[in-house]
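Here are my notes for you, point by point. Keep the picture open while you read, and click on each residue as it comes up.

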Amino acid sequence: MSEPTPIPPEQLHFAMPPTHQSVEEERRHRKERLVAAVRLLGRHGFDEGVSGHFTVRDPELTDCYWANPFGLAFALLTVGDLILVNGDGKVVEGHHHVNQAAFTIHARIHRARPDVVAAAHSHSPYGRALSALGEPLAPITQDACAFYEDHAVYNAYTGVVVDEEEARRIAAALGPHKAVILRNHGLLTVGDSVDAAAWWLLTMERCCQVQLTAGAAGKPVPIAHQDAVRTREQLGSDLVAWINYQSLYQQIARREPEMFG
């Protein structure tokens, strides 16, 4: 038997973020990815009553954002349930209310960061636990290095956020980063796609879990600064987040296709 001939790399399939032929096509894509992401967060136990919010900027009406409705279970969300909310927090399309407290933060972040397409916030268990300590993620694992010097801690808590000034301070704390830990509250992540924002939230929660577990077991060994920076440059882009997220999206899209109806 002769030695097999290697297949040229250009003939092998590797998914990359799609391009769209029209605004309508891109809008539908963003809405479908938003629903899938919210359902995935529900699967991972990120929903807590009516808390938790995910927004994606409309590709045409750039100061309007598609969002999951207030009080609707993450696990049951469909594309038809989504609401479109303007920058003032008013519902302009859909049949449900918006979570005003969460949207106040999201609207301010979207306005401060034109590069942000999607923003995700959840009261996830380990994210809340680390937020109660008021500590940042430490570079103690390869995965945590994706956030090294690219996340912030908002070191205040004044209750449920309903006013613009508090939202402005949170947006300022986030700055140019991909995530912010809201002290005594939870995690918030952003990305240039729904997929990236969702991945950052999911993996950040896991990093919080690992940090708390390692700290309870002993004294974690930090990764050296230069190595943490190099690892962040390899793993910390929204494109890498998008690629990492695809296996999760494929699973839920195939198992729960009714969400796109």
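Which residues touch the most other members of the largest nonpolar core? Read on for the answer.

1. First, some ground rules. This is a predicted model, where local features need pLDDT of at least 70, side-chain atom pairs count only at pLDDT 80 or more, and totals for chains, interfaces and linings use all residues. Residues are numbered from 1 along each chain as its sequence is written, and side-chain values use heavy atoms, with hydrogens and water left out.

2. A nonpolar core here is a set of buried Ala, Val, Leu, Ile, Met, Phe, Trp, Tyr and Cys residues joined through side-chain atoms within 4.5 Å. "Buried" means under 20% relative accessible area, "exposed" over 50%, and "partly exposed" in between (1.4 Å probe, protein chains only). The largest core has 47 residues, and L34, F54, F147 and Y245 touch the most other members. Elements that each supply at least two residues of this core include α1 (23-43), β1 (53-57) and α7 (238-255). The top giver is α5, with 11 residues. Helices (H or I, at least four residues) and strands (E, at least two) are DSSP runs, numbered from the N terminus.

3. Take a look around Y245. Leaving aside neighbours within four places in sequence, Y245 is in contact (heavy atoms within 4.5 Å) with R33, A36, A37, L40, D195, A198, W199 and L202.

4. There's also a second, separate core of 13 residues, with A119, A171, L174 and L188 among them.

5. How many disulfides are there? The count comes to 0, taking a disulfide as a pair of cysteine sulfur atoms within 2.5 Å. For C207, the closest cysteine sulfur is in C208, 7.2 Å away, so that is too far for a bond. C207 is buried at 6% relative accessible area, and C64 also counts as buried, at 12%.

6. Just after α1, G45 takes a positive phi of about 75 degrees.

7. Finally, find T189 in strand β8 (residues 186-191). Is T189 buried or exposed? T189 is buried, with a relative accessible area of 0%. Its side chain reaches the backbone oxygen of A197 at 2.9 Å. Not counting residues up to four places away in sequence, T189 touches several others, including A118, K178, W200 and M204.

Key. A polar contact is a pair of N or O atoms within 3.5 Å; within protein, one must be able to donate a hydrogen and the other to accept it, and residues adjacent in sequence count only if both atoms are side-chain atoms.
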